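Subject: Handover of a structure and its findings

Dear colleague,

Please find below the structure that I am handing over to you. My notes on what was found in it follow directly after.

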Amino acid sequence: MKTRILLIVLFAFCQLCFAAGPGDNAPAMSVSRWISGNPIALPSPGQGVESDEKDRDYFVVMIWGSWAPGSPDAIKILQMMSHKYPSLHIAAVTRDSEQSARSFMNKHAVTGLNIGLDNRSKTTKNFMKNSILMPRVFLIDDERKILWVGEPVDFPAIFKQVKSGKFDEDKVRDIYEITVKLITALQSADSRGIIRYSGQILDLDPANAFAIRARLFTFERSNDLPKAIEFISGLIKRAPKNPTLYFTKMELMLRTDAAPKDYIAVYQAIMKHFQADSAVMLDFVRFMLNRVPFASMAPKLLKQAIKNAETHMPKNIQAREKAGYLTAMARVKALSGDFIAAEKYQQQAIDLLKDADKKQAENIMRVIKELHSPTGK
């Protein structure tokens, strides 16, 4: 999953004007056609049944578009959540054409998710009005009350709070109100306002993805990446179990030519906090293999991370996702010179895949075999 890095992007927003926020009833949803999964209907207002949090029904409406840079990761997050919480009713609604939506789904191997085509943009307008801040997630309870509105990357942690009874509705509403002010500041390039409002949000939620991106935007504008790293390091101290912060820090370090010892310190922290989290371990392995300079790699930690990923890999994992684990294992084995094991893992990955994914896996196998026997013998 590429869900761990908070991209530093230029914010360009229309006026924030959500039709509904936390505490309000969810507006109407109008879908012309469901092109994947099953139709989702929101409950009638006030019709929920009194029950424990773990027994209640919850609904998610995500407004997304194939053109939005964050949509591939957002869809993957919802797929992961649908597997983890089968009773969670998820509707991913787009006003893309059916051709564009299906092309996106094929490119990103989207399966098992309820994806609907917006009926003349009615759902998008009802939930978002003039905002283009997409993708955006709306979490709704069984009484049709909106509990939370925010970034897809924050949704798993928020829903975990809901299910455990630790969800703070008052704090969520406060964050939402400050977020409106923050977007106004971003819209007018008010640096002081951005710093003030993002700081207020992070005081309430040190892991808030939108506030972090807004703050990083100010460092980007002033070309002060060392200060950005210092800022992220401060958030890590306040929220040490948020993996996104560590990957964001490493991404910033790549742009400042950080010393190998600085990477090692981050690696060790990731291993300390997330060794039993297979998804984080896999992200960590991929990041080290694909992004980190060779001199800054840590082979022992890399091998331990992929071992942890394999040990804690979910049992009900989908074939394509399992193939991702197997390919990562193969690459680590090849890097350490164990080509026999590398070929075994990669063949298992190939057997799980088809079409373009299978061809890509076969290309990786070809490289592994060439490294194993450069002369072709």
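Ser82 is in contact with Ile90, Gly112 and Leu113, if its neighbours within four places in sequence are left aside. The residue belongs to helix H1, which covers residues 71–84. Because its relative accessibility of 17% is under the 20% limit, Ser82 counts as buried. Please keep in mind throughout that this is a predicted model.

In soluble globular proteins, nonpolar side chains tend to be buried together. The largest nonpolar core here has 75 residues, and Ile232, Ile270 and Phe284 touch the most other members. Apart from that core lies another one, of 31 residues, including Ala74, Ala92, Val162 and Phe167.

Where is Ile270 placed? Ile270 sits in helix H10, residues 260–274. With a relative accessibility of 0%, Ile270 is buried. Not counting residues up to four places away in sequence, Ile270 touches Tyr246, Met250, Gln275, Val280, Met281 and Phe284. Lys315 is 45 residues away from Ile270 along the chain, and 23 Å separate their C-alpha atoms.

How the helices pack

Helix H9 (residues 243–254) and helix H11 (residues 278–290) pack with their axes 11 Å apart and at an angle of about 5°. H9 is therefore roughly parallel to H11, since angles under 35 degrees count as such. On the H9 side, Pro243, Phe247, Met250, Glu251 and Leu254 take part; they meet Val280, Asp283, Phe284 and Phe287 of H11. Two residues of this meeting, Met250 and Phe284, are also among those that Ile270 touches.

Helix H14 runs over residues 339–352 and has 14 residues. From its first C-alpha to its last, H14 reaches 20 Å, close to the 20 Å expected at 1.5 Å a residue. Its buried residues are Phe339, Ala341, Ala342, Glu343, Tyr345, Gln346, Ala349 and Ile350. They pack against helix H12 (299–311), helix H13 (319–335) and H15.

Salt bridges

Side chains of opposite charge can pair when their charged atoms come close. How many salt bridges does the count give? The count comes to 15 salt bridges, and three of the pairs are described below.

The pair of Arg173 and Glu169 has its closest N and O atoms 3.7 Å apart. Both residues lie in helix H5 (residues 169–187), 4 residues apart, which is about one turn of the helix. An α-helix has 3.6 residues a turn, so residues three or four places apart point the same way. Arg173 is partly exposed, at 29% relative accessible area, and Glu169 is partly exposed as well, at 30%. Arg173 and Glu169 also belong to a network of salt bridges that links them with Lys145 and Asp170.

Glu370 and Arg366 form another salt bridge, with the closest N and O atoms 3.4 Å apart. Helix H15 (residues 355–372) holds both of them, again 4 residues apart, or about one turn. Glu370 has a relative accessible area of 44% and is partly exposed; Arg366, at 42%, is partly exposed too.

Which parts of the chain does the salt bridge between Asp203 and Arg238 bring together? Its closest N and O atoms are 3.6 Å apart. This pair links distant parts of the chain, as Asp203 is in helix H6 (residues 191–204) and Arg238 is in helix H8 (residues 225–238), 35 residues apart. Asp203 is exposed, with a relative accessible area of 60%, whereas Arg238 is partly exposed at 43%.

Two positive phi angles

Most residues other than glycine have a negative phi, and most peptide bonds are trans. Ser121 has a positive phi, near 65°, although it is not a glycine. Ser121 lies in the loop between strand S4 (115–118) and helix H3 (122–128). Is Ser121 buried or exposed? At a relative accessible area of 17%, Ser121 is buried.

Asn223 likewise has a positive phi in a residue other than glycine, near 55°. The loop between helix H7 (209–221) and H8 contains Asn223. Its relative accessible area is 66%, and as this is over 50%, Asn223 counts as exposed.

Yours sincerely

Notes. Residues numbered from 1 in each chain as written. Predicted model: local features only at pLDDT ≥ 70, side-chain atom pairs only at ≥ 80, totals over all residues. Heavy atoms only, no water. Salt bridge = Lys/Arg side-chain N within 4 Å of Asp/Glu carboxyl O. Buried < 20%, exposed > 50% of the residue type's maximum accessible area, 1.4 Å probe, protein only. Contact = heavy atoms within 4.5 Å. Core = buried A, V, L, I, M, F, W, Y, C linked by side-chain atoms within 4.5 Å. Expected span 1.5 Å × (residues − 1). Axes fitted to C-alpha atoms, helices over the stretch in contact; angles between N-to-C directions. Parallel < 35°, antiparallel > 145°, perpendicular 65-115°, else oblique.
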